[in-house]
Amino acid sequence: TVSEAFFTIFRCTVGNECTDHRGRPIFALVADTYGWGYSFVFAIVQLLLTFGLFNVIMAIFIENVLAGAKTNEQIIKRQRLQDDAFFASKMTELVAIIMQVAHKQQRQSEQTEQRRTYLPSR
């Protein structure tokens with residue numbers, strides 16, 4: 001019947017149990033009844049279904065994982081930009097670095113000017 005055929009296809013595709021209701025392998029039954037040409041077609045269809053279904057499921061899974069990672073990354077970036085304390089601490093560090101560089105340059109220019117003052121002119 002049609003319901004038995006659908007159940008057999010389901011078992012063969014999902015459970016990898018390609019047998020009829022008596023436990024005989026379907027591949028051998030197709031080969032004996034219709035010849036090796038139909039068995040070859042049956043094998044190719046099974047192979048394509050197995051790999052095709054697996055690839056579709058994996059593609060969906062990978063797409064969802066990447067979308068979740070991208071969303072998570074965007075949330076983290078948004079939180080960083082909205083974090084006032086983080087911004088304030090980074091600005092404080094930047095101002096401190098600028099002040100250190102400015103003081104260093106000022107000391108170097110003062111030392112250079114002192115050397116010019118103490119050097120005898122020729």
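This is a predicted model: local features need pLDDT of at least 70, side-chain atom pairs count only at pLDDT 80 or more; totals for chains, interfaces and linings use all residues.
Me: Is Ile26 buried or exposed?
Reply: Ile26 is buried, with a relative accessible area of 16%. Buried is under 20%, exposed over 50% and partly exposed in between, using a 1.4 Å probe on protein chains only.

Me: What does the protein chain average for pLDDT?
Reply: The protein chain averages 84, and 96% of the residues score at least 70.

Me: Which residues of H2 are buried?
Reply: In H2, the buried residues are Ile26, Val30 and Ala31. Looking down the axis of H2, you'd find these buried residues within an arc of 140°, so they line one face of the helix. The arc is taken from the directions of the C-beta atoms from the helix axis.

Me: What covers the buried residues of H2?
Reply: The cover includes H1 and H3.

Me: What comes just after H2?
Reply: Gly35 does, and Gly35 takes a positive phi of about 100°.

Me: New topic! How much space lies in the largest pocket?
Reply: About 400 Å³. Of the 17 residues lining the largest pocket, Glu4, Ala5, Thr8, Ile9 and Ile26 are the closest to its centre. A pocket, on a 1 Å grid over the protein atoms alone, is an open set of points where a 1.4 Å probe fits, with protein on both sides within 12 Å along at least five of seven lines; lining residues have an atom within 4 Å of a point.

Me: Which helices supply the lining of the largest pocket?
Reply: Helix H1 (2-15), helix H2 (26-34) and helix H3 (36-82) each supply at least two residues. H1 gives the most to this lining, with 8 residues.

Me: How about the second largest pocket, how much space lies there?
Reply: The second largest pocket holds about 160 Å³ of space. The elements giving two or more residues to its lining are H1 and H3. H3 gives the most, with 6 residues.

Me: Which residues line the second largest pocket?
Reply: Its lining is made of Cys12, Thr13, Asn16, Cys18, Gln46, Leu49, Thr50, Leu53, Phe54 and Ile57.

Me: Let's pick Thr50. Where is its place?
Reply: You'll find Thr50 in helix H3. Thr50 is partly exposed, with a relative accessible area of 49%.

Me: How far apart in space are Thr50 and Leu94?
Reply: They're 58 Å apart, C-alpha to C-alpha, and 44 residues apart in sequence. For Ile26 and Leu94, the separation is 74 Å in space and 68 residues in sequence, again C-alpha to C-alpha.

Me: Last one: where is Ala102?
Reply: Ala102 belongs to helix H4. Ala102 is partly exposed, with a relative accessible area of 39%. Between Ala102 and Ile26 there are 85 Å in space, C-alpha to C-alpha, and they are 76 residues apart in sequence.

Key: Residues are numbered from 1 along each chain as its sequence is written. Side-chain values use heavy atoms; hydrogens and water are left out. Grid points are joined across faces, edges and corners, and a volume is the space filled by probe spheres set on the points. Helices (H or I, at least four residues) and strands (E, at least two) are DSSP runs, numbered from the N terminus. Contact means heavy atoms within 4.5 Å. pLDDT is the predictor's confidence in each residue, from 0 to 100.
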